[in-house]
Amino acid sequence: MAEYMILTEKKSAADNFAQALGGMSGSFDGHSYQIVHAQGHLMELAEPKDQVSNDLKDRYSSWEPENMPWNLADFSWKKEPTKGSNIRKLLSQIKKVSQSSQAIVIATDNDPSGEGELLAWEIINAIGWDGKVYREYHDDETPKSIVKAMRNLKDVSDQSQDGDYLKANVRSKWDFASMQLTRLATSYIRNAGYYVKVVNQGRLKSVMLSMVYQREQAIKNYVKKPYFEVKFQDDQGHVYARKVAKDDEEQLAKIRHSDKAMAEQELQQYQSPVHVKRLKMENKRNMPKTLLDLAKVDALLSKKGYSSNQIKNVYQQLYEAGYVSYPRTEDKVITSEQFNELVQNSKEIALLVGVNVKLLTHTAPRKELVKDSATHGANRPGSKVPASLDELGKALKNKNDLQCAKDIYCLLGRTALAILGEDYLYRVVTAVIEEYPAFGTQYNVPANYNYKQIYCEGELPKAPKPLGKQAKSIVAEGANPKPSKPTKAWLFKRLANYGKYGIGTGATQQSTMAELTSAKSNSHLLKDTKGVLSLTETGLMSAVIARGTMIASPKATEQLFRGMDAVGAFKLEPQKVLNSINTVITHDKPLLQQNMALVEQTIGKPEKKQYPKRDKVDVTYQGKPVQINAKWGEHTWTQGELTELSAGNTITFDYKKGQITGQLGEREYKGHKFIAFVPDFDKD
DNA sequence: GCAAGGTC
């Protein structure tokens with residue numbers, strides 16, 4: 001009979017605990033122990049109909065609006081093992097080990113949301129344990145931290161007094177109850193005659209869609225408002241303007257003329273040419289802040305055309321093989337042990353990812369990047385360094401993922417090594433027009449790129465020309481800026497920075513993005529074109545029907561999380577926080593119904609469109625005769641092109657203002673596969 | 001079929 005059964009969140013954590021304590025079982029500080037591990041959540045809430053009494057099953061199976069809002073008092077909040085091959089086996093193993101233990105130690109990940117406590121208690125309740133339960137709080141998974149945490153156990157045997165569990169538990173019920181909004185939106189849209197799979201709504205999904213929708217609308221409604229402003233330009237091209245805060249409408253109105261003639265009139269007030277006067281030249285430095293979270297990795301690699309799904313899967317496989325660190329970390333920094341490992345491996349990694357080892361001179365940890373506490377540490381190369389980039393292929397199920405794996409490794413390698421580079425040094429030059437000192441300019445001159453030569457997002461900053469001596473007055477034309485297209489990077493950043501809490505963790509954002517952008521998913525609501533997002537038709541319906549709702553507002557998460565904080569501190573009953581979802585449903589249901597008018601306005605009436613039959617021509621694809629459309633857009637295939645395509649060759653033809661290159665390939669539309677001309681810009 | 005949160 002061991003004194004403790006130590007329950008970790010996942011296998012890798014169990015391995016680290018074993019390392020720290022001297023084996024998967026044994027004795028530590030005079031306490032005997034056995035280590036077991038979960039695999040994330042092993043339990044999840046049962047389907048709504050399986051949580052209510054028999055007479056209510058029909059009502060809670062239904063997606064029809066008349067059956068909502070739900071009465072949450074009808075729910076038993078029963079949990080079931082998650083679907084997965086080895087879940088039940090894991091549970092019974094844990095149960096068996098617990099039966100030969102005197103107490104359970106919760107050793108799951110220690111993060112402020114309480115998710116670790118929740119998944120531990122789900123298991124403890126599922127195995128029917130009612131003995132002693134302790135919690136340990138490790139800052140990271142180094143032996144030192146684990147040993148220290150295991151010497152400071154807290155008795156949490158009464159789960160109703162474990163604030164971290166209570167808050168995470170109410171979060172999970174709240175989110176579960178929010179699925180009513182998906183049922184409502186789906187039913188309203190289907191009942192109106194549109195064909196859709198599911199019109200998803202949720203406090204993360206709805207916000208993501210709403211943000212993309214609003215940006216698409218802003219681009220559509222953008223009206224260019226040109227203005228004309230008097231500035232000076234020197235003989236080297238530097239422009240001197242009056243400095244006004246972006247939101248100071250009054251001052252802006254004074255210097256920006258909507259009428260060009262007015263600006264030209266103002267121009268007459270100034271003598272020209274005039275003289276340039278350099279005010280100062282300051283030396284400045286920036287230190288590397290390059291470690292990435294998963295969302296950022298996704299956003300950066302999207303530009304190369306990889307899907308969120310591919311990045312998620314390939315990254316996971318590299319992690320399981322030890323080539324990269326734990327993907328779903330929330331850490332933005334690393335510990336000194338993790339830093340030392342990076343320093344030790346730095347030369348090998350540098351050779352692999354093409355970094356000059358002479359740049360890796362900053363081997364003293366910077367206090368902003370290397371801290372005492374970081375469970376997994378920020379994303380970086382793993383402990384195992386491959387002998388070559390091709391070796392990464394050994395970790396992959398699908399060899400077609402090799403280039404993606406190499407790109408992930410190189411990005412992680414470069415961003416991690418950059419923290420071993422010296423600060424970027426540059427000079428800030430400030431100058432004004434001597435005769436009119438209100439007109440000024442400022443620019444940076446790189447002095448030493450240092451860490452930026454190891455990793456730099458985008459292009460290295462270039463040195464502008466030196467200041468000129470003389471400047472002439474000009475009328476410069478400008479305009480209100482057009483909103484840029486919604487990208488993954490833009491969306492992730494907005495989600496992370498919203499309010500006090502942000503919305504979703506980096507890992508959840510990334511996996512939700514993978515779900516929403518995957519054509520195979522039931523929730524294919526976003527299209528991803530090299531990181532640029534657009535709404536699919538269902539995505540557009542989902543965003544439009546949710547206009548003005550609470551679920552599509554980031555405030556829903558903010559309120560929920562504020563409530564969770566209060567629950568964790570025993571200042572608020574969990575029931576009160578859970579009830580707030582009723583307010584959301586009651587508020588949003590009539591809005592969803594009203595917004596159907598907007599859906600019809602946006603999408604058009606749900607009529608079955610009659611597509612004109614298209615002319616077909618015969619070609620050969622991989623030796624088999626097939627038919628393709630006789631036209632591609634407005635281009636009709638010539639006999640020569642058809643011969644080339646049939647031979648499996650790539651062809652190029654003029655189209656509108658440019659050229660199109662491509663060949664025959666497989667395409668899929670609404671589950672139906674066929675052969676068609678595939679332009680190179682469309683290839684996966 | 002649905003959420004969001006873990007995990008592989």
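Let me begin with a convention: helices (H or I, at least four residues) and strands (E, at least two) are DSSP runs, numbered from the N terminus. This is a predicted model, in which local features need pLDDT of at least 70 and side-chain atom pairs count only at pLDDT 80 or more, while totals for chains, interfaces and linings use all residues. Residues are numbered from 1 along each chain as its sequence is written, chains are lettered from A and ligands numbered from 1 in the order in which they are written, and side-chain values use heavy atoms, with hydrogens and water left out.

One joins serine 272 and proline 273, with omega about 0 degrees, and proline 273 sits in the loop between helix 10 and strand 12 (274-286). Another runs from methionine 68 to proline 69, with omega near 5 degrees, and proline 69 belongs to the loop between helix 2 (57-61) and strand 5 (79-81).

Because glutamate 266 lies in helix 10 (residues 260-267) and arginine 242 in strand 10 (residues 239-242), the pair ties together parts that are 24 residues apart in sequence. For accessibility, buried means under 20% relative accessible area, exposed over 50%, and partly exposed in between, with a 1.4 Å probe and protein chains only. Glutamate 266, at 9%, counts as buried, and arginine 242 is buried at 17%.

Glutamate 117 and arginine 135 meet in a salt bridge as well, at 2.9 Å from N to O; here glutamate 117 is in helix 4 (residues 115-126) and arginine 135 in strand 7 (residues 132-135), 18 residues apart, and both residues are buried.

A residue is near a strand if one of its heavy atoms lies within 4 Å of it, and 35 residues surround DNA strand B, the closest being Arg183, Arg203, Leu204, Tyr326 and Thr508. Sugar and phosphate make up 62% of the atoms of DNA strand B that come within 4 Å of the protein. A polar contact is a pair of N or O atoms within 3.5 Å; within protein, one must be able to donate a hydrogen and the other to accept it, and residues adjacent in sequence count only if both atoms are side-chain atoms. Phosphate oxygens of DNA strand B lie 2.5 Å from a polar backbone atom of leucine 204 and 3.2 Å from a side-chain N or O atom of threonine 508, whereas for arginine 171 a side-chain N or O atom is 3.4 Å from a sugar or linking oxygen.

Which helix gives the largest share of this surface? Helix 7 does, with five residues, and helix 6 (163-177), helix 7 (179-191) and helix 12 (308-320) each supply at least two.

Key:
Salt bridge = Lys/Arg side-chain N within 4 Å of Asp/Glu carboxyl O.
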